[in-house]
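I opened this entry to look up where oppositely charged side chains pair up, and to note which parts of the chain such pairs bring together.

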Amino acid sequence: MRGLGPWFETDRLADVRCPFFLVDAFVAGPFTGNPAGVCLLEAGPDPEWAARVAAEVKQAETAFCWPIGDRWGLRWFTPTVEVDLCGHATLATAHALYESGRLADADAVFETKSGTLTCRPVGGAIEMDFPSAPPSACPSPDGLAEALGTDWTWCGENGTDWFVEVGDTACLRGLWPDMAKVERLGKRGVTVTAVGDGTACDFESRFFAPQSGIPEDDATGSAHCALAPYWAERLGRNPLTGHQRSARGAVIQVEVRDGRTALRGAAVTSLRGEWLL
């Protein structure tokens, strides 16, 4: 490292450390679910630093968490942007707090850009209480058919994402969207969904967000805040089980409760260390 200056001195690097976890959230077995980075800090992060860490980690989301009295601050970054809500990285953060001993069996209460979010351990899983965001029917945006390469039975939006229901799970699983065209649709991303078989799951979904730096997300808790009320009304039952049909696969239990959505899933830590810079 000679010639690179005092910024690279080992003793200075050692002064700036924070615990780091890589956690698979909404797992359905080994190497499933959605990985999220979790940095546990002493105070709120500098946004530019957090953005650079997220770009370095290269996961769909990296969460930054710090204590605020008996609560926790929480922010989420993709490799390219900060987002207002992320379900799987919230689950991953709660898991890291419980596993590291920072919380015992108490609720993890987070203050975020989307308001107060609460997580609690329930029977080997973690349950999250999120605001519901049901989609409303709307005309399909220009370019949607070309972007997805398929027809649909219903199109809607909830201010954050586009939502499309397709005819069956075979159509859903066979999608090969044109990501450049999906990116031009605007909003955060596109959720595509279909009714499930009613035994293994009630509905299936996939989530595409190249405009947020995530071509296809492995497990999207925030999208299920829209899928839960949509399918609860369509199917006439509640709670429900969702299966996100990504390459890794994910299982998300959902229940609509008075304008809120409970999301339940399991998580495992795959990597633990320290962030040095």
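**Salt bridges in the model**

I started with the total, and the structure holds 20 salt bridges; I keep in mind that this is a predicted model.

I then looked up Arg 17, whose side chain meets that of Glu 274 in a salt bridge, with 2.5 Å from N to O. This pair links distant parts of the chain, since Arg 17 sits in the loop between α1 (10-13) and β1 (18-25) while Glu 274 belongs to strand β18 (residues 267-275), 257 residues apart. I noted that Arg 17 is partly exposed at a relative accessible area of 45%, and that Glu 274 is partly exposed as well, at 48%.

My next entry concerns Glu 204, which forms a salt bridge with Arg 173, the closest N and O atoms being 2.7 Å apart. Here strand β13 (residues 203-209), which holds Glu 204, is linked to helix α5 (residues 169-173), which holds Arg 173, across 31 residues. Is Glu 204 buried or exposed? I found a relative accessible area of 2%, so Glu 204 counts as buried, the cut-off being under 20%, whereas Arg 173 is partly exposed at 43%.

Glu 204 also meets the side chain of Arg 245 in a salt bridge, at 3.2 Å from N to O. Arg 245 lies in the loop between β15 (240-244) and β16 (250-257), so this pair ties strand β13 to a part of the chain 41 residues apart in sequence. I recorded Arg 245 as partly exposed, with a relative accessible area of 30%.

Last, I noted a network of salt bridges that links Asp 107, Arg 120, Glu 127, Glu 255, Arg 257 and Arg 264.

Definitions and conventions
Residues numbered from 1 in each chain as written. Predicted model: local features only at pLDDT ≥ 70, side-chain atom pairs only at ≥ 80, totals over all residues. Heavy atoms only, no water. Salt bridge = Lys/Arg side-chain N within 4 Å of Asp/Glu carboxyl O. Helix = DSSP H or I, 4+ residues; strand = E, 2+ residues; numbered from the N terminus. Buried < 20%, exposed > 50% of the residue type's maximum accessible area, 1.4 Å probe, protein only.
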